[in-house]
Amino acid sequence: MKFLKLDKKKGSGGPAIKSRYAFLIYLDDIAYLPPTNDKGVRMEGDILLKENCTMMPLYLTSSSQEFSYDTLGDDDEKSYKVKFSGNHPGTELEALEFAKNMIEQPFLVLIPACIPADPWKLLGEITNPLIFTSSHKATKDSSRFTFNFEQRIGSEYIYFSYGGVEVPSSGDGVHPPSGGFDPTKWARIDASNIDEHVAAWREKLGINETPLPDAVLTIGAVTATTSSINIALYSGGFNSVRINNTVYSKNTPDAWTFPTVTGEEVFDIYALPDPQIFYLARNGEEIPEGALMVTTITISPSGVVIGEPTGSQYKQQADDNWRNVNIISNDGLYLPATTRPSSFHISFGEEITTPKILGLEVGAKVFAWPGKAFTVYTEKDTMLEAPEAFGATVLPFAAATSYLAKAGTYTRVQIKAGKLVVTTSSGGASFPSGANEGDVLSFEGGEEVWSGRLTDAENDISAEEYNRALEDFVLNGKITNLGIHQISITTTTSITTDTLGNAPLSSVADKSQHGRNVVIDNGVNAISITCNTTIPGFIASYTKLGSAAITFVAGAGATLVQVDGVSILSGAVGSTACLTRYGNTFYLQISNR
């Protein structure tokens with residue numbers, strides 16, 4: 001969407017104060033929102049808008065601008081609800097049109113820093129934007145609008161720090177906003193000043209004549225079985241690629257099924273510059289010229305290996321260093337380590353009864369430097385043991401190793417003297433002969449000896465790092481539901497507010513609607529949602545994915561208040577509803593598009 005710059009008219013609203021601007025980004029205009037670092041505040045990357053879209057400069061008197069957040073929830077489930085407001089002086093036509101036409105619309109808000117070189121503040125998320133409302137007051141001395149932007153539900157995030165490329169904005173270029181904007185980047189609507197500033201824009205934005213390389217920008221976890229391959233939706237809400245200097249995005253996952261693999265077969269996932277984006281080729285099927293390779297998957301009866309082609313920027317699981325490995329044979333498996341993951345999540349087929357991990361498949365040894373440590377998380381009790389024989393391209397567990405890693409635990413393994421040794425665990429069931437809890441396998445006089453000594457020289461980590469890592473492994477094993485802000489329910493029949501998620505839109509099923517956005521896919525089937533009093537303080541938002549209507553009704557002992565006088569979500573796909581319980585009364589707000 002293109003916006004006009006909502007500026008201050010001369011003489012409106014009383015004496016002028018130093019100009020200040022906030023910048024609004026309409027939610028549907030966002031092609032890519034970069035993730036944060038592990039602290040959850042600083043964004044790493046650039047905000048990308050869809051073609052022909054810009055953000056909107058909004059003039060607000062500097063003394064009235066205010067952004068804040070409220071802390072919500074119980075002691076063990078805190079969340080934050082962000083809000084932003086400010087006064088816009090005058091009663092000009094553009095402000096009235098904006099107030100009327102943008103009511104209840106979702107935005108993200110960028111706030112410039114006081115010092116030009118400092119990062120900006122970004123308020124709002126893809127899955128939890130700020131909703132716009134306004135009011136107006138005129139007196140004999142002044143006239144002003146109050147513009148409010150507020151999240152409807154809480155989330156785990158507060159404000160983001162954005163220091164990426166400046167997002168394109170609309171405006172006439174006559175009065176560039178303060179707060180760090182370079183006038184050479186401020187284009188007039190009539191394009192009259194473009195030619196004279198192109199070189200400066202290229203330099204400032206880091207753009208040269210060479211197009212940006214094709215790359216996978218964001219993608220959810222890729223998983224596979226012997227008869228299917230799936231791409232989950234990225235945590236930011238979009239899977240996206242860049243091909244021929246253009247970004248292509250989609251907000252739906254991908255899935256392919258095929259006859260069960262009985263031997264070893266290779267599958268390639270590639271991307272093309274069209275709405276479908278992702279495609280699958282099996283066993284050397286021809287890949288179109290100009291396609292972007294995403295990943296290669298090798299499937300055999302013994303397991304699934306998901307590779308990472310050089311240069312694609314593909315990451316196996318969101319933004320971390322974990323790799324998924326699925327064991328589908330009782331014969332034992334070498335973990336694939338052809339790239340640089342430091343952790344493995346081990347899952348199993350239903351037929352697996354005695355799973356075993358024998359060592360590390362290192363190939364060209366890009367991963368196998370002495371002292372390198374990694375973590376193994378297992379969903380079933382799994383033996384870590386030395387193989388009877390092994391090839392030149394593997395690092396086996398040391399001969400003394402026969403360790404049972406319990407289901408749901410984290411085991412730390414280290415490369416030492418060309419072998420793998422178990423160093424720590426968050427809960428094993430048994431210990432090798434001669435070993436006690438906390439012992440490490442050391443080499444003395446050419447022999448492998450279990451020792452209780454733990455030094456920097458022997459383990460390449462300090463005692464402080466050891467203790468902190470062990471505590472983190474235990475904690476991570478207990479925390480399973482944080483960060484799940486959206487679930488989906490696919491149904492052809494009516495449901496209640498107690499119905500659990502059943503479709504892997506967020507790679508998670510069997511989770512409650514409470515405190516989350518719920519995507520309802522009812523297809524062409526009209527259904528109802530009964531408001532039950534099972535969960536105290538129930539709150540949820542809903543997004544309509546089907547074409548048929550969804551009716552909210554009160555359950556036994558409950559009262560349903562229709563805030564907008566409407567109880568039926570009957571608009572187009574993407575229409576939304578918000579349901580909040582106080583006592584036994586449910587308050588329903590519906591936004592039909």
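## Briefing: salt bridges, an open sheet and a buried glutamate

The side chain of Glu265 makes a polar contact with the side chain of Asn283, at 2.9 Å. A polar contact is a pair of N or O atoms within 3.5 Å; within protein, one must be able to donate a hydrogen and the other to accept it, and residues adjacent in sequence count only if both atoms are side-chain atoms. This is a predicted model: local features need pLDDT of at least 70, side-chain atom pairs count only at pLDDT 80 or more, and totals for chains, interfaces and linings use all residues. Residues are numbered from 1 along each chain as its sequence is written, and side-chain values use heavy atoms, with hydrogens and water left out.

**Around Glu265**

- Glu265 sits in strand S18, residues 265-271. Strands (E, at least two residues) and helices (H or I, at least four) are DSSP runs, numbered from the N terminus.
- Glu265 counts as buried, at 14% relative accessibility. Buried means under 20% relative accessible area, exposed over 50%, and partly exposed in between (1.4 Å probe, protein chains only).
- Leaving out residues up to four places away in sequence, Glu265 touches Arg282, Asn283, Ile297, Thr298 and Ile299. Contact means heavy atoms within 4.5 Å.
- Glu265 and Ile297 are 32 residues apart along the chain, and their C-alpha atoms are separated by 8.3 Å.

**Salt bridges**

- The structure holds seven salt bridges. Each is a side-chain nitrogen of Lys or Arg within 4 Å of a carboxyl oxygen of Asp or Glu.
- Lys81 and Glu150 form one of them, at 3.7 Å from N to O. Lys81 lies in strand S6 (residues 79-89) and Glu150 in strand S10 (residues 143-150), so the pair ties together parts that are 69 residues apart in sequence.
- Lys81 is buried at 18% relative accessibility. Glu150 is partly exposed at 29%.
- Glu150 also meets Lys83 in a salt bridge, at 3.9 Å from N to O. Glu150 is in S10 and Lys83 in S6, so this pair ties together parts 67 residues apart in sequence.
- Lys83 is partly exposed, with a relative accessible area of 26%.
- Arg152 and Glu104 meet in a salt bridge of 2.5 Å, N to O. The pair links distant parts of the chain, 48 residues apart: Arg152 is in the loop between S10 and strand S11 (159-162), and Glu104 is in the loop between helix H1 (93-101) and strand S7 (106-111).
- Arg152 is partly exposed at 32% relative accessible area, and Glu104 is partly exposed at 30%.

**Open sheet**

- Four strands form an open sheet in the order S35-S37-S39-S41, with mixed pairing. Strands S35 (495-496) and S41 (568-569) stand at the edges with a single partner strand each, so one side of each has no neighbour in the sheet.
- Strands count as paired if DSSP finds at least two bridges between them. S39 (residues 550-554) and S41 run antiparallel, joined by two bridges.
- Ile550 has Leu569 as its bridge partner in S41.

**Nonpolar patch**

- Val563, Tyr582 and Tyr587 form a nonpolar surface patch, with about 350 Å² of accessible area together. Accessible areas come from the Shrake-Rupley method with a 1.4 Å probe; for residues, only the protein chains shown count as cover.
- Patches are made of residues with over 30% relative accessible area and no salt bridge: like charges are joined within 9 Å, nonpolar side chains (Val, Leu, Ile, Met, Phe, Trp, Tyr) within 5 Å.
- Val563 lies in the loop between strand S40 (559-562) and S41. Val563 is partly exposed, at 46% relative accessible area.
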